[in-house]
Each structure stands twice: as structure tokens, then as C-alpha cells.
Amino acid sequence: MSIPPQTPEALKPLSEWPLWEVFVRSKQGLEHKHCGSLHASDADHALRLARDVYTRRQEGVSIWVVPSSAITASEPNDKAEFFDPSGDKIYRHPTFYAIPDDVGHM
Amino acid sequence: MSTAANTLAPLAYVLQLADTTLVLGQRNAEWCGHGPALEEDIALANNSLDLIGQARLLYSLAARQAGPQASEDSLAYWRGPEAFRNYTLVELPHHGPMAPSARQDRDFATTMVRNFLFSNLMVGVWAQLEHSPDQQLAAIAAKAIKETRYHLRHAHDWVVRMGDGTDTSHARAQAALDHLMPYTQEFWRPSAAEQSAMDAGIGLDLDTLQAPWQQQVDATLAQAQLKASPSSGFVSGGKNGIHSEHLSYLLGDMQSLARAHPQAVW
């Protein structure tokens, strides 16, 4: 049996696994929440590692993984025009009526 | 003649299962902090904790049969290698054979091929024992089979990835398979403990385990583009108490703390 030596090229892919964002649903009826990211070689691998890294304390019933590169994020520099205009519009918060007791999670 | 209600797994067989899961749990824990990637490091630690958890339940079950002096800890820490009944496969180091006194780094392919061959066996064993008339053993099997199915999936994925990967990963996976495959012969030759378990009717049936095990091996190797490796030659005998030289070092590591501080509590 002959095993080719470990060249830097052979080791390279390991450090270049793409990044994935992990979303976990903690129980039925709730939404998936972003809980972190990890490196994995493909989607199946990412799902398996997400199970091991993020649900080992029974945190979830469902996992989504999304390539980080597929996410388009807002720019910190745009914060003023994106978010500040809603700061003084308290009428957009539905705080003017009571939520009936029968309405569960909201 | 025992009735279904009081059929208990023979102590020697429970110990065989306990020793096997503990030794592989300890072996795989050697990767802790040294995994090839952070995420795989955690995955392997989870795998070890599953196996050690199974061992704890099995030792507790054995201790109840072994008498008032026995406990989970006494069975794990105060028996020497000659008393252990684990398969030789699970005590081997994470690399192939080499000259005495040589040193070699852990080989991830060896770890994953071993986990694949072993968890593939245990999925079958736990599936049988899940329906054991020994209620406590059946409950342990029901818990263990879920963990073991995951171990099999994890190891299968890696065998395929490495076999169907780069030239290096393919060569390492093939070398690991060639090295480990002969040790699987031990699975199918009943030990005295297994024979007594089968005679007692606790649900174990070695004869029907091999065909589905082989089917899974063939399927995985085909997907991984690895060559089937002959399982022939020397038949190891760990489950009969005839071990390789590696077990005593592993136990030396594992048992040293409990033996140096017998009353220590943590």
C-alpha cells in the first residue's frame, strides 16, 4: 500500500470549506432562527455538522442550512436611511389594543 | 426453563457489549481537540459520549447482576485487559500496522472506516436486542440504536467522501479498509458469551446479522469507489479475551486516575 504524501495542495480544501449559515427551529409551530455558522464541504455535510454543533443539547426539531454567499445583507453604512426613519412612528406598533388570552404565541 | 418475563441477558454478554462500547468511546475520544476541523472534532466527541453513555447503562445493568460489590466504576476501572471482552477491532489505534516503537499520527480514514464497519454491525445488533425479553437490555438498545444509526450515517458519509475524493484520501481510505477488514471476521464467530445469550433466547441471532451488514458494506464501497477488501486470514479474538497489545495501553490511560485515587469523586 502506498499513500501519497500530504502535500499542502491536498490539505488545502479542508481549510477552504465554504461557510454556511444555520437556522434551527426549536419546536413545531415556531420559526427557524439563525443560530450561527459553520464550515462544511457541501449542503449534506453542513446539515450533519449543524446537527452535531448546534442541536447537541436538544435545541431543535428542524435545521436549515444556507450558503453564506447566498445571503445579501444590508450595509452598516445604510443604517441611517434604512432604519432611522421608523424610529418616530410608534403608531406602527400594535400597542393600542389588548391581545385576547386565547391568542397563543405571538 | 425460563419464561419471557424473567429472561435476563447473561452477565458475560452484557459485559461484552459494555466493554466494546467503552473501549471504542475511549479510543475515539483521542480525537478530542485534534479533529481535522472544529465541527468534526465536536461530531467525534459526540460520538464518543454516545458510546460511553451506552457503556455506562450496560455496566450498571451488569453490576446489578454481578453482586453488591460490583458497580459501573469497578467494572470499567478495576478489571485488567485480560478481563475485557471487546472486539479487537475497537481497541486498535487510529492508524495501520507499523514497526514496534514507531510513532504515527492519527489517521482519520482509519477512524472513519472502523466507525463504519462497527456501527454497521451494531445497528443490526441493537435492532435485535430492541425486542429482547430482557426489558432493561431492550430499553438500552432502543436508546442506542438511534445514536448508532447516526454514527453509521456519519461514518458512511466520510467513507464515501474519502473514497471518492482526492488521490490521497482514496489511498488512505483503501489502506484503512484493507487493514481493518480482516478484524470483522470476529463479528461472526460466536464467543461463549454470545452463544449463551443466543441459547438464553434474549433476541440475539448472529447468523442473520451478516447478510444485511455485507449489503451495506457493498453499497457504501461501491458509492465510495473503493475496492472490496478480503476479510480473511488471522481471526482476532478480543471478545474471547485474547487482545492485541494496544488494549493495555488504552486501559492504562483510562484507568490510571481511578487507580491512583480510588476514592476520588468528581
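Is B:Glu72 buried, partly exposed or exposed, and at what relative accessibility? B:Glu72 counts as partly exposed, at 22% relative accessibility, where buried means under 20% relative accessible area, exposed over 50%, and partly exposed in between (1.4 Å probe, protein chains only). The model shown in these views is predicted, so that local features need pLDDT of at least 70 and side-chain atom pairs count only at pLDDT 80 or more, while totals for chains, interfaces and linings use all residues. Residues are numbered from 1 along each chain as its sequence is written, chains are lettered from A and ligands numbered from 1 in the order in which they are written, and side-chain values use heavy atoms, with hydrogens and water left out.

**View 1. The salt bridge of B:Arg56 and B:Glu72.** A salt bridge is a side-chain nitrogen of Lys or Arg within 4 Å of a carboxyl oxygen of Asp or Glu. In this pair the closest N and O atoms are 2.5 Å apart. Because B:Arg56 lies in helix 2 of chain B and B:Glu72 in helix 3 of chain B, the pair ties together parts that are 16 residues apart in sequence. Helices here are DSSP runs (H or I, at least four residues), numbered from the N terminus. B:Arg56 is partly exposed, with a relative accessible area of 48%.

**View 2. Two further salt bridges in chain B, B:Glu147 with B:Lys143 and B:Lys239 with B:Glu194.** The closest N and O atoms of B:Glu147 and B:Lys143 are 2.8 Å apart. These two residues stand 4 residues apart in helix 6 of chain B, a separation of about one helical turn. B:Glu147 counts as buried at 14% relative accessibility, whereas B:Lys143 is partly exposed at 39%. For B:Lys239 and B:Glu194 the corresponding distance is 2.7 Å. This pair links distant parts of the chain, 45 residues apart: B:Lys239 is in the loop between helix 10 (210-224) and helix 11 (246-260), and B:Glu194 is in helix 9 (residues 192-200). B:Lys239 is buried at 3% relative accessible area, and B:Glu194 is buried at 1%.

**View 3. Aromatic rings around B:Phe187.** Rings of Phe, Tyr and Trp (its six-membered ring) pair if their centres lie within 6.5 Å; planes under 30 degrees apart count as stacked, over 60 as edge-to-face and the rest as tilted. B:Tyr87 and B:Phe187 form an edge-to-face pair, 5.2 Å centre to centre with 70° between the planes. B:Tyr87 lies in the loop between helix 3 (72-77) and helix 4 (88-91) and B:Phe187 in helix 8 (residues 185-188), so the pair ties together parts that are 100 residues apart in sequence. B:Phe187 is buried, with a relative accessible area of 0%. The rings of B:Phe187 and B:Trp188 are also edge-to-face, with centres 5.6 Å apart and planes at 85°.

**View 4. The interface of chain B and chain A.** Contact (heavy atoms within 4.5 Å) joins 19 residues of chain B to 21 residues of chain A. The two chains bury about 1,800 Å² between them, 59% of it on carbon and sulfur atoms; buried area is the accessible area (1.4 Å probe) that two parts lose on being put together, summed over both. Across this interface the rule finds 3 salt bridges. A:Asp42 forms a salt bridge with B:Arg161, the closest N and O atoms being 3.0 Å apart. A:Arg48, B:Glu40 and B:Asp157 are linked in a network of salt bridges.
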